[in-house]
Amino acid sequence: MPVLWIALIVLAAAAIAYVLARRSALASAQGDVRRMHSLPSYYGWHAFILTALPALLLMLAWLIFQPLFIENRIASQLPAEATATATSQQLAMRDVRSVADGLQAAISSGAITPEEMEAFTNDPSTLRARLGEAGVALGGNVTSETLEAAQNFRALASTMNLTMTVLVIGVALAGAAIALKQVRPDFWARNAVERTVMGLLIFASAIAIFTTISIVFSMVFETMNFFRQYPWQSFFFGTTWSPVFHGNSQLGIVPLLWGTLYISFIALLVAVPIGLFAAIYLSEYASNRVRSFAKPLIEVLAGIPTIVYGLFALVTVGPLLRDYFAQPLGLGSSGTSVMTAGLVMGVMIIPFVSSLSDDIINSVPQSLRDGSLGLGATKSETIRQVVLPAALPGIVGAVLLAASRAIGETMIVVLGAGAAARLGLNPFEAMTTITVKIVSQLTGDTDFNSPETLVAFALGLTLFVITLGLNIFALYIVRKYREQYE
Amino acid sequence: MNDMRIAERDVSTSETKIAARGVQVHYGTTHALKDVDIDILNGNVTAFIGPSGCGKSTFLRCLNRMNDTIAAAKVTGSIKLDGEDIYDAKVDPVQLRAKVGMVFQKPNPFPKSIYDNVAYGPKIHGLTRSKAELDNVVETSLKKAALWNEVKDRLHSPGTGLSGGQQQRLCIARAVATSPEVLLMDEPCSALDPIATAQVEELIDELRGQFAVVIVTHSMQQAARVSQKTAFFHLGNLVEFGETGQIFTNPRDPRTESYISGRIG
Amino acid sequence: MSDISSHRGSSSLLVADARTKRRNAAEARFRSYGVAAIAIALIALVTLLISIFGNGASAFRQTFVTVPITLPAETLDPSGNRDPAEMAKVTTIGYGNVLKAGVTAAVREAGVVPEGMADSDIAGILSQEAPAQLRAMVLENPELIGTTVETHVLAHGRIDGFFKGRVTMESAQRDSNVTPERLQLAQAMTEKGLMSSGFNWGFVTMPDASDQRPEAAGLGVAILGSLFMMFVVVLLSLPIGVAASVYLEEFAPKNRWTDVIEVNISNLAAVPSIVFGILGLAIFINFAHLPQSAPIVGGLVLTLMTLPRIIIPARAALRAVPPSIRDAALGVGASRMQTVFHHVLPLAAPGILTGMIIGLAQALGETAPLLLIGMVAFVRDYPGGLFDPASALPVQVYNWTQRSDPAFVERASGAIIVLLVFLICMNAIAIILRRRFERRW
């Protein structure tokens, strides 16, 4: 039975349990709501939760573990040469799965009758053609082992599906029965319901933790795989990046890291002065009218998707820099360059610097400004010598956050910086970054057992660690700074 | 603090330092100060008293144009310092404030060292030519503020690390360091404990030998203790201005009397 | 004392001394840096928008050929029973021949063919997509067969580029896809009204097209894919985000565990988006075997990415509800849960919703994580559900930037205009919500 149907049945049962429990609660109190601990609807909700929640959780767990279980069982039936290495087992299992899926699709659409199915068991060579006619394409011809495994796969899957259906509906009904039995006027239904809701709330807030854990795990395992095939010393200290298909790649992170830092540096060189001066002007000089239109307009820059900046770099800024700066100065003829990506990225992070600095400058107490102005300092002297030093830690935090933003930025560098890994100083040359290489190693046809693909996970982990370190440090500084004036 | 002892009244016959005539202040649509006429004399402490919101601080801030920093405030009338109108278009408020220093309600030392706090004014106004001269100014200012002995060993530790009373005396030293001609003090003791208050009051009395001092206070006892002249403000009006002794012992206006006897406020 | 005073330049207030003049000049300079910074930021914004709109606005206009075409029954419906199922056996090649003949006849009749242009060259002004357009039109309405119909089909991309100034007579000489004769023919046809340019609905509705036919490439699949993903994001992140913020703001005890969650959320909000793509690839595709390029996977990845960005403003909105409201509800005997769900949450709803919409807008424009989960694939079939392959608006932009034909740059910029229109609408709704329901306590 399809999962959706089971879920609907469970929910329908829960709805019925709600109505029954509510009615029986009212009946047990002879219709006098005041004699019950909780409002009647809470008895209903209690029944609803007890019916639906355990059943749906069971179904979810089953759906997660069933494929793993089936995979294990089928893999043990495959011939020994297919399961010799992890790669060959994965390939064999992929074949089995696609044959099984193909058969399932063909049979459910009626293109192949179950009787025909029997015939294929003896002669699998015609299966591919027959499935092809039925609109299911297979990668290669089907061997009898694969077909047998696929048949076992289907049989096991359907048995387990049936078991799951029975179990899930059984749990739902049992839950409904227990809930209905509990309905008495002195049962604290509201508290029971609220406990469950609280559990759900806690679960929702723990999703952030799960996300972090899965980010770390998804990258750590594949990174370990990578380091098993490629020495970590060469990765972290190698100065050449030249992935080659089928071995002998040189996968040193240094040129990528250099490109990343160089571009981020230029971006900060653009964004920090502009963002800081904009923040100073807006918070210290601008009239309310100017502030009310300039501030949102600058923040629009932060709301524009990065792909837009990427295209801007590619079609406007890149050619402009090439034709008017790089070529006349004899510095290169590349449209994509460190400068292109850095400038555009700098524009993108202006609002990150300016909004946070604006907040921070505003939180410097007015009494300090008064003290300085009262001594006859000009506004700019007050800002430079009193406000900015007082706000410095917070501004450093803002700049670090912007830096982490720049280091992790992808689309601008994919479209603006180029793909050539290079260790150089010429800002008008194309260079590449960690994020660009993650994209290029993980898009298109990928083989998750070759170091050329797995390196992307090691790059991702490095990127994650760098940005996380910057963020934690920056948030710590900003938080410390805020405490100072609270 | 029921001590209503009146300070020695050796009102000097010295010349007028600041003369205010017909001063009005509007904050947007609020009429905060109405038609104030007052003369601040050299070598005197002038106290502004009155219930909160009466306009005394507003008037004080007019005297060195600190109201300029509030966009909505509009000041009319004339305020003359040594015969020059400080609201004249040619007057640079920066130059004015160097002559008319200010100490604020809450101690507001800059987040810098004690030394840098005091040296800030002389530095921005370019009052000294050498490091030695600056050291000298810092030392004399701290001595004038009766703080030197407490901080001379830690001049380079942060000013924010001092106690409240010390911080306020540091702010006074900071104001004194630019050698102003008038010193404005906006409730300088309201955030301090009684002992620190006594120290600051003593200091104020010493300072009046060098500048005209104007102090806003919500404490009548304090006004009585430190000032020679007292002005009573009420609802934006200057109700009465005169010798401190006369205001406290023989007020002419019934409103002054009610306030002093504790019926307004 | 006196030694210091003597350094003062002028003793009169009415005359500014040299030092004050210098200081005021420094003041003016400093102030002008601020003005310059703001000006640079705004100029950058304006340049960006002008560049995108300048390049992309023309994507919404397209050149069409309008000629009468006779639809011969013998080739298009050999069985003669007008049954669409049987007629579908005739491929686009058959329709291509019909179209070619029709157009050649029409332009010959109009007398617009340049001297010496061969008949075989004439059909080159048509898009390679044109036969498919004709076929679709006929299959939809089989009664047309045997008649002569006024047919409206796409012109070739180079012809379109000629009218948009991208292709010139000189460039046509070096181009294997177009000849100067064809451009002359196109010019002449325009004068006779056989060729015209009009609003290009197809750009918004049609699926992507291959490298050779930029004129037929549209955003239909991408828009649908983006909508499906946003559906998943809303469905998951609204309840989870609200639940998490309610817990953290209203119920969570102030302990280590809560601290960990809080630090976690603020850090997740700053994790580079591409890392979420790696997460999606490793967990949802390699581990859970969800299909590649499917909106469900994109939606899940974007949900995880958007959640912290929703939780932070939602918590701020809850915090803005004054404690007196909670006290009042608790005071009449409501449970804490009832207090939150009956009073606090409804009062915070506009703020939460505003944050939600802004988070969604960010998710809509996100590209990098989607590249890793295969949404960059070439998809021509409209997705029917969450598990079908689809594209997404920003990914389609990226996809088009990787094509060689410059006509795709116009398309990519046009796609960004569509994306920006969506974003402007969403942000406008957020601003209206905020203005309308903003409450100050």
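B:Ser179 sits in the loop between α6 and β7 (182-186) of chain B. Helices (H or I, at least four residues) and strands (E, at least two) are DSSP runs, numbered from the N terminus. The model is predicted: local features need pLDDT of at least 70, side-chain atom pairs count only at pLDDT 80 or more, and totals for chains, interfaces and linings use all residues. Residues are numbered from 1 along each chain as its sequence is written, chains are lettered from A and ligands numbered from 1 in the order in which they are written, and side-chain values use heavy atoms, with hydrogens and water left out.

The phi of B:Ser179 is near 45°, a positive value in a residue other than glycine. Most residues other than glycine have a negative phi. B:Ser179 is buried, with a relative accessible area of 4%. Buried means under 20% relative accessible area, exposed over 50%, and partly exposed in between (1.4 Å probe, protein chains only). C:Ser293 also has a positive phi, near 60°. Its place is the loop between α14 (273-287) and α15 (295-319) of chain C. C:Ser293 counts as buried, at 8% relative accessibility.

In chain B, helix α4 (residues 131-144) meets helix α6 (residues 164-177). Their axes come within 8 Å and cross at roughly 130°. That makes α4(B) oblique to α6(B). Axes are lines fitted to C-alpha atoms, for helices over the stretch in contact, and angles run from 0 to 180 degrees between N-to-C directions. Angles under 35 degrees count as roughly parallel, over 145 as roughly antiparallel, 65 to 115 as roughly perpendicular and the rest as oblique. The crossing of α4(B) and α6(B) is right-handed. A crossing is right-handed if the near helix is turned clockwise from the far one by less than a right angle, and left-handed if anticlockwise. From α4(B), B:Val137, B:Ser141, B:Leu142 and B:Lys144 meet B:Leu170, B:Ala173, B:Val176 and B:Ala177 of α6(B). Contact means heavy atoms within 4.5 Å. By class, this contact has six nonpolar, one polar and one charged residues. Ala, Val, Leu, Ile, Met, Phe, Trp, Tyr, Cys and Pro count as nonpolar, Asp, Glu, Lys and Arg as charged, and the others, Gly among them, as polar.

In chain C, α2(C) packs against helix α20 (residues 407-437) at an angle of about 120°, with the axes 7 Å apart. That makes α2(C) oblique to α20(C). Their crossing is left-handed. The contact residues include C:Leu49, C:Ile52 and C:Phe53 of α2(C), and C:Ile416, C:Ile417 and C:Leu420 of α20(C). They divide into six nonpolar, four polar and one charged.

Rings of Phe, Tyr and Trp (its six-membered ring) pair if their centres lie within 6.5 Å; planes under 30 degrees apart count as stacked, over 60 as edge-to-face and the rest as tilted. A:Phe277 and C:Tyr33 form an edge-to-face pair, 5.4 Å centre to centre with 70° between the planes. A:Phe277 lies in helix α9 (residues 254-285) of chain A and C:Tyr33 in helix α2 (residues 18-56) of chain C, so the pair joins two chains. A:Phe277 is partly exposed at 24%, and C:Tyr33 is partly exposed at 42%.

Helix α13 (residues 366-374) of chain A is largely enclosed by the rest of the structure, because seven of its nine residues are buried. A:Arg369 and A:Asp370 are among them.
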